[in-house]
Amino acid sequence: MTAYAFDIPIEPMPAPRARTSKLGGYFKDEYNIWRKRVDMWFNDFLSATNYELIFRMNGSEDGYKTIRDIKSGLPRDPETGKLRGKLRSDFIGYRFTITYVVTRPNNEYRPFPVKRADIDNYTKATIDALFENHNFYDMGINDQFIQILNTSKRYTKLDTDEKPHIEVVVEYL
């Protein structure tokens, strides 16, 4: 499969540590709002592209096929929520390449952020936002299938009107 690239036109946000209360764990409202924005954008993106990313992540550029060995229907049973069938024997996973483009502070000339959030927290936020989307969930696409992950972060380009965003490249291995 050829690589599939797309940009999420939303400023990257690192995943915060979960907070706890008597009722359990939760995240700050700011992060929950960011996750909802990414989820809404992702749903619109998938719909506008006729779910091409879903087809490619299932190893099919030409028609309906899933990473699970089933004859027909969705991989996830709508009544029980359980996945049907075993993983196909020719499926080994995905390679993800993600670049986080963050806002350049005034008077900052370095190309890479050295006083910003850790790259692993940006990655957790992005991977969770994509893979917890109902479209991936229904198809049985899970982040446990990521075998290779390349990440980087940089500032928006100097002296341009580049906006913060997240660049994603997905490859079916």
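R154 is buried, with a relative accessible area of 18%; buried means under 20% relative accessible area, exposed means over 50%, and partly exposed lies in between (1.4 Å probe, protein chains only). Salt bridges that share partners tie R154, E162 and E167 into one network, a salt bridge being a side-chain nitrogen of Lys or Arg within 4 Å of a carboxyl oxygen of Asp or Glu. This is a predicted model, in which local features need pLDDT of at least 70 and side-chain atom pairs count only at pLDDT 80 or more, while totals for chains, interfaces and linings use all residues. Residues are numbered from 1 along each chain as its sequence is written, and side-chain values use heavy atoms, with hydrogens and water left out.

**Salt bridges**

- Let's stay with R154 for a moment: in its bridge with E162, the closest N and O atoms are 2.8 Å apart.
- E162 and R154 are both buried.
- R154 also forms a salt bridge with E167, where the closest N and O atoms are 3.4 Å apart.
- This second pair links distant parts of the chain, with E167 in strand β6 and R154 in strand β5, 13 residues apart; helices (H or I, at least four residues) and strands (E, at least two) are DSSP runs, numbered from the N terminus.
- E167 counts as partly exposed because its relative accessibility is 24%.
- Elsewhere, the side chains of R88 and D90 meet in a salt bridge (2.9 Å, N to O).
- R88 has 12% relative accessibility and so counts as buried, whereas D90 is partly exposed, with a relative accessible area of 46%.
- Altogether, the count comes to eight salt bridges.

**The loop around P111**

- P111 lies in the loop between β4 (94-102) and α3 (119-131).
- Is P111 buried or partly exposed? With a relative accessible area of 45%, P111 is partly exposed.
- Leaving aside its neighbours within four places in sequence, P111 is in contact (heavy atoms within 4.5 Å) with R104, R154 and Y155.
- P111 and K153 are 42 residues apart in sequence, and their C-alpha atoms are 9.2 Å apart in space.

- Helix α3 has 13 residues and reaches 18 Å from its first C-alpha to its last.
- That span is close to the 18 Å expected at 1.5 Å a residue, where the expected span is 1.5 Å times one less than the number of residues.
- Several residues of α3 are buried, including Y122, T123, A125 and I127.
- R35 is found in helix α1, and R35 counts as buried because its relative accessibility is 17%.
- Not counting residues up to four places away in sequence, R35 touches A125, D128, A129 and E132.

**Aromatic rings**

- How many aromatic pairs are there? The count comes to 16; rings of Phe, Tyr and Trp (its six-membered ring) pair if their centres lie within 6.5 Å, with planes under 30 degrees apart counted as stacked, over 60 as edge-to-face and the rest as tilted.
- Y31 and W34 form a stacked pair, 6.1 Å centre to centre with 15 degrees between the planes.
- Y31 and W34 are three residues apart in helix α1 (residues 29-48), so about one helical turn separates them.
- An α-helix has 3.6 residues a turn, so residues three or four places apart point the same way.
- Y31 and W34 are both buried.
- The rings of F131 and F136 have centres 5.1 Å apart and planes at 65 degrees, so this pair is edge-to-face.
- F131 and F136 are both buried.
- One aromatic cluster is formed by Y4, F6, W41, F42, F45, F96, F131 and F136.
- The charged end of R76 sits over the ring of Y137, 3.6 Å from its centre; this label requires NZ of Lys or CZ of Arg within 6 Å of the ring centre and within 35 degrees of the ring normal.

**The nonpolar core**

- Which residues touch the most other members of the largest nonpolar core? They are F6 and F96, in a core of 39 residues; such a core is a set of buried Ala, Val, Leu, Ile, Met, Phe, Trp, Tyr and Cys residues joined through side-chain atoms within 4.5 Å.
- Among the elements that each supply at least two residues of this core are β1 (4-8), α2 (52-57), α4 (134-139) and β6 (165-172).
- Helix α1 gives the largest share of this core, seven residues.
- Leaving aside neighbours within four places in sequence, the contacts of F6 include W41, F42, F45, L53 and L130.
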